[in-house]
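User: I'd like to go through this one piece by piece. Could you show me the sequence and the structure first?

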Amino acid sequence: MGNRRLKKIGRKVAISFLMGSLATFLAPSVRAEKPEHLQRIKQTRTCFNCDLKKADLANISLKGAFLRETNLQEANLEGADLRFAVLRKVNFKKANLKNADFTGAILHDVNLDDADLKGATLPPRYRRKSNSNSKIRAQELIIDVLKLQRR
């Protein structure tokens with residue numbers, strides 16, 4: 001009789017474990033961005049002091065956007081159109097910027113540390129001198145901005 005009871009308890013534990021695992025697996029991924037900020041940037045292309053950390057903005061059109069003090073850390077902006085955007089104090093740390101287009105954009109005090117810029121089109125003054133496909137370091141961009149401000 002004790003053996004049956006152990007089997008019954010064992011099945012309940014196994015079922016509970018499976019249900020918990022399944023719930024964890026099927027649960028939506030945790031998002032860090034604030035929904036109202038996500039809606040604002042999509043509708044108006046303007047964001048002041050927005051938190052869009054880890055936001056999925058792949059292939060978004062932000063042509064001519066104005067972003068100030070916006071956190072896009074670890075955000076996915078792969079293929080994003082940022083042509084002629086004005087970006088001031090924007091944090092792109094560890095962001096996916098593959099194939100993003102920054103043609104004509106103004107970048108002022110922008111953090112690109114560890115951002116993936118493979119295939120990204122940057123304004124001429126931000127392009128690397130070499131033809132390598134490696135990531136562009138934020139320090140190189142800061143130096144270019146300082147040179148421009150002295151002109």
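**Rings, layout and charges**

User: What relative accessible area does Phe 66 have?
Analyst: This is a predicted model, where local features need pLDDT of at least 70, side-chain atom pairs count only at pLDDT 80 or more, and totals for chains, interfaces and linings use all residues. Residues are numbered from 1 along each chain as its sequence is written, and side-chain values use heavy atoms, with hydrogens and water left out. Buried means under 20% relative accessible area and exposed over 50%, with partly exposed in between (1.4 Å probe, protein chains only). Phe 66 counts as partly exposed, and its value is 27%.

User: How many aromatic pairs does a search of the whole structure find?
Analyst: Rings of Phe, Tyr and Trp (its six-membered ring) pair if their centres lie within 6.5 Å; planes under 30 degrees apart are stacked, over 60 edge-to-face, and the rest tilted. Searching the whole structure gives a count of 2.

User: Is the pair of Phe 48 and Phe 66 tilted, or what else would you call it?
Analyst: The two ring centres sit 5.5 Å apart, and the planes make an angle of 55 degrees. Phe 48 is partly exposed at 45% relative accessible area. With that angle, the pair is tilted.

User: Which residue pairs with Phe 92, and are the two buried or exposed?
Analyst: The partner is Phe 102, in an edge-to-face pair with 6.1 Å centre to centre and 90 degrees between the planes. Both lie in the loop between strand S3 (86-88) and strand S4 (106-108), so the pair ties together parts 10 residues apart in sequence. As for cover, Phe 92 and Phe 102 are both buried.

User: In what order do the elements of the protein run?
Analyst: Helices (H or I, at least four residues) and strands (E, at least two) are DSSP runs, numbered from the N terminus. The protein has 3 helices and 4 strands. Starting at the N terminus, they go α-α-β-β-β-β-α.

User: How many salt bridges are there?
Analyst: A salt bridge needs a side-chain nitrogen of Lys or Arg within 4 Å of a carboxyl oxygen of Asp or Glu. One of them joins Glu 69 and Arg 68, with the closest N and O atoms 3.9 Å apart. Glu 69 is partly exposed at 37% relative accessibility, and Arg 68 is partly exposed at 36%. The count comes to 4.

User: Which residues do salt bridges that share partners join into one network?
Analyst: Arg 83 also forms a salt bridge with Asp 101, at 3.9 Å between the closest N and O atoms. That pair links distant parts of the chain, 18 residues apart: Arg 83 is in the loop between S2 and S3, Asp 101 in the loop between S3 and S4. The network is made of Asp 81, Arg 83 and Asp 101.
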